Structure formats: structure tokens, C-alpha cells
Amino acid sequence: MAKTLAQLVALLRTELKTDPNGKIWDSDTVDAYINDAYFQVQSDGLFAWPGCENGSGTITTVAGTQEADLPSLFGQVELVLNSSTELFPDDFKNVKIRNPLNVQGTPTYYYIRGTKMGFDPVPSSALSITVYFRKILAALATSSTEMGLTDDFAPAIVKYAAYLAWSSPRGNIQEAEYKITDYQRELTKLRNAYQLRDLTAINYRSIRNSVNSNYPDRIYY
């Protein structure tokens with residue numbers, strides 16, 4: 001079982017080594033620090049952690065409408081498919097320059113802008129677009145809510161939450177600096193453990209990045 005919000009709070013109180021009765025940081029504040037740290041760990045890993053990497057959703061396009069809402073808890077796109085056909089990433093500026101009159105057809109490209117995903121050409125019919133993505137894990141809403149990451153991530157979450165506490169107006173900037181250093185150390189351990197496991201994929205991404213540097217008009221992920 002993964003750690004709950006209450007268990008992470010208890011670890012944070014121990015980490016702070018002060019204020020056991022919540023006289024400096026009350027329960028709501030400490031809960032907020034934990035949830036902020038929970039999101040920070042996800043974000044610093046580009047949501048490429050176990051538990052974040054299994055997001056998927058369907059976008060149903062409307063004929064003549066270029067953009068649609070992204071799936072809920074969307075973090076970072078991995079693959080966009082129209083049936084079995086891959087759509088290629090682009091950006092809003094390129095799409096508008098290439099298709100200023102919003103010509104309709106079967107989309108070949110997609111872009112992300114704010115909370116929307118746009119398509120080019122503008123869809124001429126209703127399509128079911130499948131989006132595979134790294135998701136943002138929902139906040140820990142109650143004391144008994146378990147985190148969506150394994151317990152290996154608890155030290156990093158606690159260290160960053162301690163950094164937030166010590167960097168608050170009632171904290172200590174020197175202690176905050178110690179905790180952010182500790183957090184970076186924990187984050188490096190997690191990256192080495194969870195993001196360097198597929199060396200074939202890493203080498204493939206390196207090759208694609210090299211190609212991208214020679215062809216800057218292309219976008220790769």
C-alpha cells in the first residue's frame with residue numbers, strides 16, 4: 001500500500017523536528033505543503049513516473065471546430081491517434097501560418113494551447129481522436145487518501161514539503177536551502193531508478209533529438 005496523506009504529514013512533522021503541536025504550521029498548511037510537493041515531484045519528473053504514465057482519453061471533434069478540451073488530469077502528451085493513424089505535433093503559430101483560412105479536412109497535425117488541443121486541417125467531420133498522455137495525479141484530498149506513487153517517492157515529497165515550510169515567513173531560509181539540496185538528491189535517485197530503465201528508448205530519443213537539431217522545423221517528443 002502507498003502512503004496516505006496522514007502518513008506523509010507525520011513524516012513531515014518528524015522531518016521538521018519542531019512544531020509537533022502545529023503552533024507554527026497548522027494542519028491545513030501542512031496538508032497544502034504535502035500536496036504542493038506531491039505535484040512538484042511529478043512535474044520535475046515530467047510526469048514520467050510509474051502511476052503517471054498510463055493516461056488516455058478520447059477527444060470527439062466537431063466539424064468546423066479546430067480546438068477541443070484536453071482530457072482531464074492531462075500532464076504531457078505521448079501519442080495522438082486518429083483511429084490507427086498518428087497525428088504529428090506542431091505549434092499554434094505554424095498551424096496558423098500554414099492554414100490561415102482554416103481549411104477543413106482530415107487532421108494531420110495537432111497542437112496544444114492552454115487547456116485545448118487543436119487540429120490541422122480543421123476537422124471536417126466528427127472524429128474520435130485517442131490521446132495517450134502522462135497524467136497529473138489527483139491531489140490527496142483526505143487524510144486517508146493514498147498517493148498514486150510508490151513509497152520510494154515519499155522522501156522526496158517530504159523533503160520538498162519541508163523546504164516549503166522553512167521558506168515560509170515563519171521559517172528559516174538556511175534550513176530551506178538544506179532541504180532543497182536534500183530534495184534534489186532524492187530526485188536524482190528517483191530519476192536513476194525509474195527513468196533510466198529502458199536504455200533502448202533513451203538511445204532512440206537521443207537519435208531523434210540529434211535529428212531535430214539538424215532540422216529545427218520538426219518537433220519531436
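Here is a short chat about the protein model shown above.

User: What kind of model is this, and how are residues numbered?

Analyst: It is a predicted model, where local features need pLDDT of at least 70, side-chain atom pairs count only at pLDDT 80 or more, and totals for chains, interfaces and linings use all residues. Residues are numbered from 1 along each chain as its sequence is written, and side-chain values use heavy atoms, with hydrogens and water left out.

User: How many helices and strands are there in the protein?

Analyst: The protein has 6 helices and 10 strands. Both are DSSP runs numbered from the N terminus: helices are H or I with at least four residues, strands are E with at least two.

User: And how much of the protein is buried?

Analyst: Buried residues make up 38% of the 221 residues. Buried means under 20% relative accessible area, exposed means over 50%, and partly exposed is in between (1.4 Å probe, protein chains only).

User: Let's look at helix 5. Which of its residues are buried?

Analyst: They are A176, K179, D182, Y183, E186, L187, L190 and Y194.

User: Where do they sit around the axis of helix 5?

Analyst: Seen down the axis, the buried residues of helix 5 fall within an arc of 145 degrees, so they line one face of the helix. The arc is that of the directions from the helix axis to the C-beta atoms.

User: Why does K179 count as buried?

Analyst: Because its relative accessibility is 8%.

User: And Q184, where is that?

Analyst: Q184 is in helix 5 too, which covers residues 173–194. Q184 is partly exposed, with a relative accessible area of 41%. Q184 and A156 are 28 residues apart in sequence, yet 8.0 Å apart in space, C-alpha to C-alpha.

User: New topic. Which residues have the most contacts inside the largest nonpolar core?

Analyst: I34, W49, M147 and L149 do, in a core of 36 residues. A nonpolar core is a set of buried Ala, Val, Leu, Ile, Met, Phe, Trp, Tyr and Cys residues joined through side-chain atoms within 4.5 Å.

User: Which helix gives the most to this core?

Analyst: Helix 4 does, with 10 residues. Helix 1, helix 2, helix 4 and helix 5 each supply at least two. Apart from this core lies another, of 14 residues, among them A68, L70, F74 and L87.

User: Back to I34. What does I34 touch?

Analyst: I34 touches L5, L8, V9, L12, L140, I157 and A161, again not counting residues up to four places away in sequence.

User: What about strand 1: which residues are on its covered face?

Analyst: G55, G57 and I59 are on the covered face, while S56, T58 and T60 are on the uncovered one. In general, side chains in a regular strand alternate between the two faces of the sheet. Strand 1 runs antiparallel to strand 10, joined by 6 bridges. T58 has T130 as its bridge partner there.

User: Last one: which residues does the cis peptide bond join?

Analyst: It joins D120 and P121, with omega about -10 degrees. P121 is in the loop between strand 8 and strand 9.

Terms used:
Two strands pair if DSSP finds at least two bridges between them. Contact means heavy atoms within 4.5 Å.
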